[in-house]
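I opened my notebook for a look through this model. Here is what I looked up, entry by entry.

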Amino acid sequence: MSRKTATMLLWITALLVVPAPTLLFGAVIPTLRIVELAGVVLITILVEGAHGVALSLFLGLLAHAALYAGLLWVAARLLARFLERTAPNAFGGLTAGVVAIAVVGASVLPLYDTPFHATDPHARLLQVYR
């Protein structure tokens with residue numbers, strides 16, 4: 001596995017599972033969930049128009065997602081570089097292991113605080129995206 005591929009894989013995993021705080025809602029959710037919410041607001045703007053706070057909400061969500069995506073990209077590059085230098089012969093396996101541990105951990109542990117979940121304020125990965 002190349003470092004570029006490992007970085008991309010780690011970054012996509014981080015976008016999916018790393019809890020990121022949102023200042024708009026007081027939630028701690030993955031960056032892709034923030035992108036999903038921005039998409040819903042954008043659809044509302046396209047259908048209903050940019051009245052009231054819709055445009056501000058969309059731009060705020062987009063800014064959050066862009067900031068966290070950039071930070072996670074830097075972290076993924078640093079982690080890929082570290083894994084490659086630590087064990088160059090097992091680099092692909094280590095990268096896959098990190099991805100597996102992140103996804104399983106986020107699926108099992110209630111890492112996310114979300115006001116969008118009706119029954120429990122603490123959610124696991126699969127509960128966040130349903």
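I took helices (H or I, at least four residues) and strands (E, at least two) as DSSP runs, numbered from the N terminus. The model is predicted, so I noted its rules: local features need pLDDT of at least 70, side-chain atom pairs count only at pLDDT 80 or more, and totals for chains, interfaces and linings use all residues. Residues are numbered from 1 along each chain as its sequence is written, and side-chain values use heavy atoms, with hydrogens and water left out.

**Entry: Leu-24**

I found Leu-24 in the loop between strand 1 (19-21) and strand 2 (28-30). Leu-24 counts as partly exposed because its relative accessibility is 39%; buried means under 20% relative accessible area, exposed over 50%, and partly exposed in between (1.4 Å probe, protein chains only). I then listed what Leu-24 touches, not counting residues up to four places away in sequence: Leu-57, Gly-60, Leu-61 and His-64. Contact here means heavy atoms within 4.5 Å. I also checked Leu-24 against Leu-94, 70 residues apart along the chain, and their C-alpha atoms are separated by 36 Å.

**Entry: helix 3**

I turned to helix 3 (54-86). Helix 3 has 33 residues and reaches 47 Å from its first C-alpha to its last, close to the 48 Å expected at 1.5 Å a residue. That expected span is 1.5 Å times one less than the number of residues.

**Entry: helix 4**

Helix 4 (residues 91-108) has 18 residues, and I read a reach of 26 Å from its first C-alpha to its last, close to the expected 26 Å. Phe-91, Thr-95, Val-99 and Ala-106 are buried in this helix. Seen down the axis of helix 4, its buried residues fall within an arc of 75 degrees, so they line one face of the helix. The arc is that of the directions from the helix axis to the C-beta atoms. A reminder to myself: an α-helix has 3.6 residues a turn, so residues three or four places apart point the same way. On the face turned away from the buried side of helix 4, I found the exposed residues Gly-93, Ile-101, Val-104 and Val-108. The cover over the buried residues of helix 4 includes helix 1 (3-17), helix 3, strand 3 (112-113) and helix 5 (125-128).

**Entry: Thr-95**

Which residues is Thr-95 in contact with, leaving aside its neighbours within four places in sequence? I found Met-1, Ala-6, Leu-9, Leu-10 and Leu-83. Thr-95 counts as buried because its relative accessibility is 0%.

**Entry: Thr-44**

Thr-44 sits in helix 2. Thr-44 counts as partly exposed, since its relative accessibility is 38%. The C-alpha atoms of Thr-44 and Ala-54, 10 residues apart along the chain, are separated by 7.9 Å.

**Entry: the whole chain**

I counted five helices and four strands in the protein chain, and they follow the pattern α-β-β-α-α-α-β-β-α along the sequence. The C-alpha atoms fill a box of roughly 55 × 30 × 20 Å, taken along the principal axes. Buried residues make up 32% of the 130 residues. Among contacts between residues at least 6 apart in sequence, 58% join residues at least 24 apart.
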